[in-house]
There are 8 protein chains.
Amino acid sequence: MKTVLQKLIEGEISAEEAEKMLKTMQIAELEDFAKLDIARDVRTGVPEAIFSEGKEDLELIQIIQKSSNQGRVIVTRLEEERFLSIKEKIGHMTEKGYKIEYNSKARILVVKNHETEKEGRIGIITAGTSDIPVAEEARVMAEEAGCEAITSYDVGVAGIHRLFSQIRRMLEQNVKAIIVVAGMEGALPSVVAGVVDVPVIGVPTSVGYGVGAGGFAALNAMLQSCAPGIAVVNIDNGFGAAVFAATVVKQAYKGD
Amino acid sequence: MKTVLQKLIEGEISAEEAEKMLKTMQIAELEDFAKLDIARDVRTGVPEAIFSEGKEDLELIQIIQKSSNQGRVIVTRLEEERFLSIKEKIGHMTEKGYKIEYNSKARILVVKNHETEKEGRIGIITAGTSDIPVAEEARVMAEEAGCEAITSYDVGVAGIHRLFSQIRRMLEQNVKAIIVVAGMEGALPSVVAGVVDVPVIGVPTSVGYGVGAGGFAALNAMLQSCAPGIAVVNIDNGFGAAVFAATVVKQAYKGD
Amino acid sequence: MKTVLQKLIEGEISAEEAEKMLKTMQIAELEDFAKLDIARDVRTGVPEAIFSEGKEDLELIQIIQKSSNQGRVIVTRLEEERFLSIKEKIGHMTEKGYKIEYNSKARILVVKNHETEKEGRIGIITAGTSDIPVAEEARVMAEEAGCEAITSYDVGVAGIHRLFSQIRRMLEQNVKAIIVVAGMEGALPSVVAGVVDVPVIGVPTSVGYGVGAGGFAALNAMLQSCAPGIAVVNIDNGFGAAVFAATVVKQAYKGD
Amino acid sequence: MKTVLQKLIEGEISAEEAEKMLKTMQIAELEDFAKLDIARDVRTGVPEAIFSEGKEDLELIQIIQKSSNQGRVIVTRLEEERFLSIKEKIGHMTEKGYKIEYNSKARILVVKNHETEKEGRIGIITAGTSDIPVAEEARVMAEEAGCEAITSYDVGVAGIHRLFSQIRRMLEQNVKAIIVVAGMEGALPSVVAGVVDVPVIGVPTSVGYGVGAGGFAALNAMLQSCAPGIAVVNIDNGFGAAVFAATVVKQAYKGD
Amino acid sequence: MKTVLQKLIEGEISAEEAEKMLKTMQIAELEDFAKLDIARDVRTGVPEAIFSEGKEDLELIQIIQKSSNQGRVIVTRLEEERFLSIKEKIGHMTEKGYKIEYNSKARILVVKNHETEKEGRIGIITAGTSDIPVAEEARVMAEEAGCEAITSYDVGVAGIHRLFSQIRRMLEQNVKAIIVVAGMEGALPSVVAGVVDVPVIGVPTSVGYGVGAGGFAALNAMLQSCAPGIAVVNIDNGFGAAVFAATVVKQAYKGD
Amino acid sequence: MKTVLQKLIEGEISAEEAEKMLKTMQIAELEDFAKLDIARDVRTGVPEAIFSEGKEDLELIQIIQKSSNQGRVIVTRLEEERFLSIKEKIGHMTEKGYKIEYNSKARILVVKNHETEKEGRIGIITAGTSDIPVAEEARVMAEEAGCEAITSYDVGVAGIHRLFSQIRRMLEQNVKAIIVVAGMEGALPSVVAGVVDVPVIGVPTSVGYGVGAGGFAALNAMLQSCAPGIAVVNIDNGFGAAVFAATVVKQAYKGD
Amino acid sequence: MKTVLQKLIEGEISAEEAEKMLKTMQIAELEDFAKLDIARDVRTGVPEAIFSEGKEDLELIQIIQKSSNQGRVIVTRLEEERFLSIKEKIGHMTEKGYKIEYNSKARILVVKNHETEKEGRIGIITAGTSDIPVAEEARVMAEEAGCEAITSYDVGVAGIHRLFSQIRRMLEQNVKAIIVVAGMEGALPSVVAGVVDVPVIGVPTSVGYGVGAGGFAALNAMLQSCAPGIAVVNIDNGFGAAVFAATVVKQAYKGD
Amino acid sequence: MKTVLQKLIEGEISAEEAEKMLKTMQIAELEDFAKLDIARDVRTGVPEAIFSEGKEDLELIQIIQKSSNQGRVIVTRLEEERFLSIKEKIGHMTEKGYKIEYNSKARILVVKNHETEKEGRIGIITAGTSDIPVAEEARVMAEEAGCEAITSYDVGVAGIHRLFSQIRRMLEQNVKAIIVVAGMEGALPSVVAGVVDVPVIGVPTSVGYGVGAGGFAALNAMLQSCAPGIAVVNIDNGFGAAVFAATVVKQAYKGD
């Protein structure tokens, strides 16, 4: 600051120039703080994802049209019927170069005008076939977040051999994180974490009945796993697991 | 009944004899019903087991002395200090041919004047070392109930190879049931049930903390197991698992 | 291995023969491990059972057609409407010698081209009429698993005399396990276990309301039973109880 | 009121007398409302009972000395050591005709200068020996509330015959309510309610471990009982069960 | 027995007569036991009540037709549509002198050919209007069980004065028990029990949302009430409360 | 800013003075944001309160000595033994004008060198005597936060008249909030909120046993109260209730 | 009273007059008690609000027509379809000067013949868009209760800067309480309470899934907040939060 | 294999040599499978960590002496008194070049004969001072696992500014994961994840009381966080968080 004032005194700069320079410095200081927030957008590499439950169709359409300015918008937990009804209203966006992709298993809608470049791989495993929708939500999100996803569905604890060959395939392809989706007793992440050297992200699913209803048995089993190297996200939260995994992967491509 | 009365009329038997015979017949009829209850003692082959928690030392000593008339009495959940204090009061029973056996891991006291003959084998597996006290409770009870117990402790899901070699050893020795004791995420019974053709009895243990505190995560995981062929007993209930396993074993030695 | 190599050197066998022999030995060693997995199929004597909830009709039809190669396929929790719609697509299988049996109480579909031979008996008891669907699921599964099932439905704790005569009938027929299905307060397994010398498998049902909603009161009562000789499966899990009971029965027919 | 004023005018009574009479009338009207509150004391026939937990010894001693003016004071949940220390401070009350009775099983202290007359009987049954302290709390309270108590402890579901003979004994003595105290799976009240024609009051106890810890399994089983004619009080609440039972008994001795 | 045998010997009676007499004695002894069970029917004064949930229409119709031989049959939790459909099938019973009464609030169907005589009164209070269906279930059941019911609906804690005048009205009519039906925070039974000298039976209702969803907040509040003289039944269990209350009332009309 | 720069150019101020002035302005701008944070201290009018549980004595002593620079420091949940041991180490602070006040019921230690001026009143009511420690914590905190506290302890739902006279006393003194502390069934706040026109702050206490253990029954009852005008704080959180109440009171003394 | 009697004696007043005067005095005394109840109506400044769930349309219509005599009636949780059907029946009320206002987001119907004057302001903040319905319920109620509401919806923890600017706006407008509505992890009230000096009323919402289902995670987070100055109402209880906030605001406008 | 056999035939190698070569090949194949297991040791870079709770001192000493052959052994949850008693028995190990390091906050004992090289950094943040022991457990473990740990303790949500400057410091030092340890309402991880682009690992702590007791409120808040990029470990599981974080860090240093 002294330099600026000195220059002002010495007539090198005008009062207006000095004021502007000082203001710029001050803003820089404030922006320094705001930078943290910018980092946030950088983080996942994906524009905001919209959780469609509890929002009306009209609200969703407005959000999609507004958010797509950012080049891409993702809507999660969108049932097919809702998609079909929304599609009619946003169909015209294809004329502007947008692609409208809907995955009915994952219940995810992606509207975008460019592809994300892929960097790094993650693995996604499910214990049963009923866990696939959650896994697909994770797969689509991971891909939109710039990761390549290697999937292996329905390889429960039962057929241990089959499971191991799938895990080996993933390790050979250098996955940097494995998302393990499991309902029922949620034992699969423990078994996987017992044999790999990459972070295992457990996603309990609400598949099950009786004591397993809602996915709490699986959640608790994963949290309580005797194999270290596991962290857990909310029940059925394929979205969160993918964003977390993508964040892990990105660490490997940042400088040190 | 007619026969008896006829004999009475014909003077073959006296009124007293007739009354006694009739009463016996009547009792037999009542006993027919009671027989069900007798079956109960036959069932486990062990005299009543006393759950020591919530009973005072004096009560226990009285029960031991009274019950031992049946040749054997078993006291469970007896801490070592309590045993030592009780021992002083019942030590004299050794003079009458009783053996006083205390297992401090299992926290079981057995006072008996004869050995039970063994018939049939069961396996007992624990996931960790902290599960051993519950497993030992099961082992002592199974042996008192007339089963040979083959144990394999601390073979968690982590070292799958080691686990399988232990299971194979048990199957080769023809165990008729396997008790699997596990806390934490309780995944072990599922893995075992996935590879054996004998009933698996899961015993969740209260080992663990956080969401695993109290053993409920393990209990729910076992109940919710995706591998069939598992049934479960209460948390830390090594006693119940052993009695149940012994009952299973006995089915194989009863005629058809 | 030495023998093989020796024979090779001595010209008794060719290099090709030696290689084949050595490979066979090696495979045998690997198979030794895999044997555990084969044991699994042997275990229940039934081909895979498909849990239909969470699977679409199309998926089910494909699984049925594929799995039936094994001679039999079982689909559980299949509502009647779903069965009727699926039936149209698989009806042609009857031409190939398959029988299509659907039990609407049990909600089980069995497609098979042969009958299972029965060996050994189990008993199935329900406390109330609302528990019958779960009991029927158990009955059908037990029969498919090769057990004869003796059923006695709606004999609650209320009419103790009636209950006892039913139990006696089962014991006289040498059942090797009794499945007791009960909702509400779940007291029936305790009462049954108090008078029999065979394993009692408790199946809590989700019948009930208020504190009994979901079957947790019954589940906890069974786990906490003061009568030993009870093990428990998940709420409404008639399937699991039957598979477990069948496994118990089979122990009696294996050599020692 | 008119009458009073008339008398005043006519000089039959003085202004002071009139005021006093009117005030009495007014109070009577207020008391009419308060009568409801007085009814409360009448209800149980016992003076306030003090729950000692969470109160300091000094507080208890003050309450005892103050409350005893009512002729009797009852302190519940008072551990023996506390009683012994308190006893020293209130021992002198015996000189004034007070009796100091302490029941260590029930953990109740009664200080009184007269006996309550007994009218009507209730039965008290426990499933196990560990339930006895709660039952004794109920017995002492019932007696202080003016009921005769017929007890039968440790008659679980196991020995059905023994249970029935005890119940018959109670019915023959015309008990007007039966308190059934049970922990574990809490099945006893259901069985009792199935065979009697008097109200059954279930008292779950915190005896048990695992899923039975705290008494919730027993509580829920009792609330969910399939036998009607049962109502339930809080876990371990022998006191409340006794007061409720006494209130039931009193209905039979009030006019219609 | 001696007398009979003596008479036989002395020729006073024939062997046939003796046998018959002895058998009668024996049966008497057995019946002595069975009497307990008969007592059960006597207890509530009502024939079996059928819980309609989980039963199909056809099952209900069969049960109604069979049970009505006893003069009366009660079906609970029967939605109006179900009643209308069932009514068509049982309408012809009116020709045989049966009355078909359906209360849509209480969701109870009563089919009977005679009226129950009333003896004794109970009070029924609800906190809000949403609690009325449960209260009506209790009212209909209480009347069928032979009690006169005095009801006072929608008198919450808010308007204390109004509540007290209702309670006074009930006490003046000598009710022998008061059923208090309340959801939300369940405070009403505590307040009522604080001012009356008759047993208070709390019925929590599942009215409420958030922490009150399902009625558990109300249930726990009632169990935990600081006012003694309350016992509780299951959530929404108007039926159980009425049967319990009727049992209480009957104690007053039995001899001592 | 222009003004400053102009003055600098015109030589009215030196570069150093200009820099200082500009920096002050910049800080002011930043402080504008920080003002929110300062508001925080203003809010309760009390310096930070230290929750002593989970902190070691040494840590507490250091915090007390450091924080007291602010003129006052408050330590909550401090058991008497701990206070006595800490007192020795901080006793010398009295020489510097600090007062060391410890309330053993409230378990609060206040070290301060000045008194807080009181402005506005709140009421504090407890249902039972066991609730008093929590109420005392609230009272001490409220006073330190500058409120006058009117207390009325042990006025449960039982003695409605007594309760109402206490409430009237508080309303007459213009309390601006009433803290109602209650364990057990937690009904008191509902009753109070039903008759007052000031905010009622419910504080559930962990007093109770069985279903009331831990205070959850009381918490839920308060949250679910059918009387509007109640808000609730955490179980046993007298501290939080007092700070909240003080914040309410202060609204009345701020300008509009 | 003496004065009256004296006058009567002295003939200044007649007996009738005296009686009337005395009765008036007596009533005044009773009314003194009732005054508390009147205070209740004064409290919120709003007529009774009707919770529509669990009430039939017909009931609602009757209540609306009856309650509207008080000038205004409010119906909460009224779905749009129900409103439309009810509207037809009450439409004629507009002829009598009533306004019928329905807010479909808030699901509140207000029927009134005058506007409430506003005095004092509150702030209402939501974390997400799904929390808006609960916030709108609070807004409508607050306005009917005479408060001006400043709302700021969808300002989650994510965009901290945006949140702070909204809070500052509210503080500048002198809000006397801030209602913070949040589901999911419920962190927002803590953050808000950390920077304001007015009472924060947390309203957890049932938005969320998995462990967040039902709103319990948010409720517990708010109760457990480490920032003092927060009190909480039931899940989704926008109504209760508004009434509480209005009560807080009113304190500032009452004299001292 | 053919090559080996050919060489054998051609006399280039002896039968012994051939056998050895073939065995080696076979083992290689088996090891191919086992490699997965070896990967496990590689994964965390730390030898087995021993959870000391539930193990006796003697057991621990034996494990320490045996495991230390691997160069390092870690014992977690070891209270200071236990350490002091164990230290006497293992003190002699220092003579063999072992260092015995005990961290009383972290309650971790490390016995090792070499230092781990550090590669990569992680951040560790705690909300309060009571969370520090869990954070220290994480720090020690992370360092033993070869990570540099940057800690910042006691930066709760309250002082947002202070928190942000700490986060910035960590980001500037290129941490590849941040462990956030928080009890109470568990809001901190959400706030941190909102401003960083590295994986956030939430560790709920059991700090808290009332609804926060046991750490479940914090756990659920973290799982339910509205900020993506968070995964969670068990309550108080600093160990698991560190191992997970170390696994994340290692991904960045493995080739692609």
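**A tour of a predicted model**

Visitor: In this predicted model, which residues of S7(F) are buried on one side and which on the other?

Guide: Happy to show you! In a regular strand the side chains alternate between the two faces of the sheet. Both faces of S7(F) are covered. F:Ile178, F:Val180 and F:Ala182 are buried on one side, and on the other F:Ile179 and F:Val181.

Visitor: How many residues of strand S7 of chain F are buried?

Guide: The strand runs over residues 178–182 of chain F. It is largely enclosed by the rest of the structure, because the buried residues number five of the five.

Visitor: Which residue is the bridge partner of F:Val181 in S8(F)?

Guide: S7(F) has parallel pairings with strand S5 (residues 121–126) of chain F, over four bridges, and with strand S8 (residues 200–204) of chain F, over five bridges. In S8(F), the partner of F:Val181 is F:Val203.

Visitor: At roughly what angle do the axes of H5 and H9 of chain G cross?

Guide: Let's look at the contact. Residues of H5(G), including G:Met141, meet residues of H9(G), including G:Phe239. By class, that contact has seven nonpolar, one polar and one charged residues. The crossing is right-handed, and the axes come within 7 Å and cross at roughly 35°.

Technical notes: Residues are numbered from 1 along each chain as its sequence is written. Chains are lettered from A and ligands numbered from 1 in the order in which they are written. This is a predicted model: local features need pLDDT of at least 70, side-chain atom pairs count only at pLDDT 80 or more; totals for chains, interfaces and linings use all residues. Side-chain values use heavy atoms; hydrogens and water are left out. Axes are lines fitted to C-alpha atoms, for helices over the stretch in contact, and angles run from 0 to 180 degrees between N-to-C directions. Helices (H or I, at least four residues) and strands (E, at least two) are DSSP runs, numbered from the N terminus. A crossing is left-handed if the near helix is turned anticlockwise from the far one by less than a right angle, and right-handed if clockwise. Contact means heavy atoms within 4.5 Å. Ala, Val, Leu, Ile, Met, Phe, Trp, Tyr, Cys and Pro count as nonpolar, Asp, Glu, Lys and Arg as charged, and the others, Gly among them, as polar. Buried means under 20% relative accessible area, exposed over 50%, partly exposed in between (1.4 Å probe, protein chains only). Two strands pair if DSSP finds at least two bridges between them.
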